[in-house]
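User: I am new to reading protein structures. Please walk me through one, a feature at a time.

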Amino acid sequence: MHAILQGKRLIAFDLDGTLIDSVPDLAIAVQRSLSDVGLPAPSEEFVRDWVGNGAQVLIERALTWALADAPGQVLQTTAYEAFMRHYGAAPNALTRLYPGVRTALHDLHKAGYPLVLITNKPERFIAPILSHFDLLTLFTHCIGGDTLAEKKPSPLPLLHVAQQLDIPPSASVMVGDSRHDITAGKAAGFTTVALPYGYNHGEPIEHSQPDLIISSLLALTE
């Protein structure tokens with residue numbers, strides 16, 4: 001195992017941009033949602049830069065782009081409900097695991113590390129996606145963006161799972177791809193590990209100054 005895991009007893013993972021490339025399915029759902037409300041559909045490239053703060057913010061960013069102005073509450077609600085319907089109908093059509101993810105998670109699980117998932121994606125989508133990839137049973141806890149009162153970059157979800165497992169933050173690791181993961185991890189007192197291939201609003205993850213940057217999750221098990 002990587003030296004950064006020495007003395008660690010809990011590993012938390014982000015989902016989108018860390019374990020899975022979900023943007024193709026998210027983009028289709030966003031495009032269909034905006035079409036439903038009579039607005040132009042953004043490209044997948046735009047959606048890639050909007051992912052990371054949960055579904056409500058994703059739709060707000062898409063609507064703001066289409067309108068060149070902030071959306072009203074009625075339009076926001078209508079488009080959000082359409083997105084939840086479209087995405088829920090096909091969350092795994094084009095989504096793929098990043099290389100090395102399956103092997104790394106299984107190796108860490110076999111080594112005895114409790115694994116938890118902390119994502120800003122709505123909780124209702126977590127189990128279907130992880131089950132699709134036969135990964136759900138590897139995680140002791142799965143926290144979505146609407147599971148608790150706050151989501152990343154708040155440290156609350158990280159502190160919640162650490163408390164649930166009775167493991168101190170100093171013995172815990174947060175693995176993610178965006179500044180929200182690193183900010184939450186630092187605020188919670190977790191060691192932070194970043195991956196450069198995910199969704200970080202076009203910013204280099206180095207700017208968030210994580211404790212470690214790795215090119216693949218396999219680096220944690222080498």
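User: Where does D14 lie?

Analyst: D14 lies in the loop between β1 (10-13) and β2 (20-21). Helices (H or I, at least four residues) and strands (E, at least two) are DSSP runs, numbered from the N terminus. This is a predicted model: local features need pLDDT of at least 70, side-chain atom pairs count only at pLDDT 80 or more, and totals for chains, interfaces and linings use all residues. Residues are numbered from 1 along each chain as its sequence is written, and side-chain values use heavy atoms, with hydrogens and water left out.

User: What does UniProt list for D14?

Analyst: An unreviewed UniProt entry lists D14 under "active site". UniProt positions follow the numbering used here, feature names are shortened, and annotations may be inferred rather than shown by experiment.

User: Is D14 buried or exposed?

Analyst: Buried means under 20% relative accessible area, exposed over 50%, partly exposed in between (1.4 Å probe, protein chains only). D14 counts as buried because its relative accessibility is 7%.

User: Which side chain makes a polar contact with the side chain of D14?

Analyst: A polar contact is a pair of N or O atoms within 3.5 Å; within protein, one must be able to donate a hydrogen and the other to accept it, and residues adjacent in sequence count only if both atoms are side-chain atoms. The partner is T18, at 3.0 Å.

User: Which residues cover the faces of β1?

Analyst: In a regular strand, side chains alternate between the two faces of the sheet. In β1, L10 and A12 are buried on one side, and I11 and F13 are buried on the other.

User: Which strands does β1 join?

Analyst: Two strands pair if DSSP finds at least two bridges between them. β1 runs parallel to β6 (residues 172-176), with 4 bridges. F13 stands opposite V175 there. β1 also runs parallel to β4 (residues 115-118), with 3 bridges.

User: What is the order of the strands in the sheet?

Analyst: The open sheet has 6 strands in the order β5-β4-β1-β6-β7-β8, with parallel pairing. β5 (139-143) and β8 (212-213) stand at the edges with a single partner strand each, so one side of each has no neighbour in the sheet.
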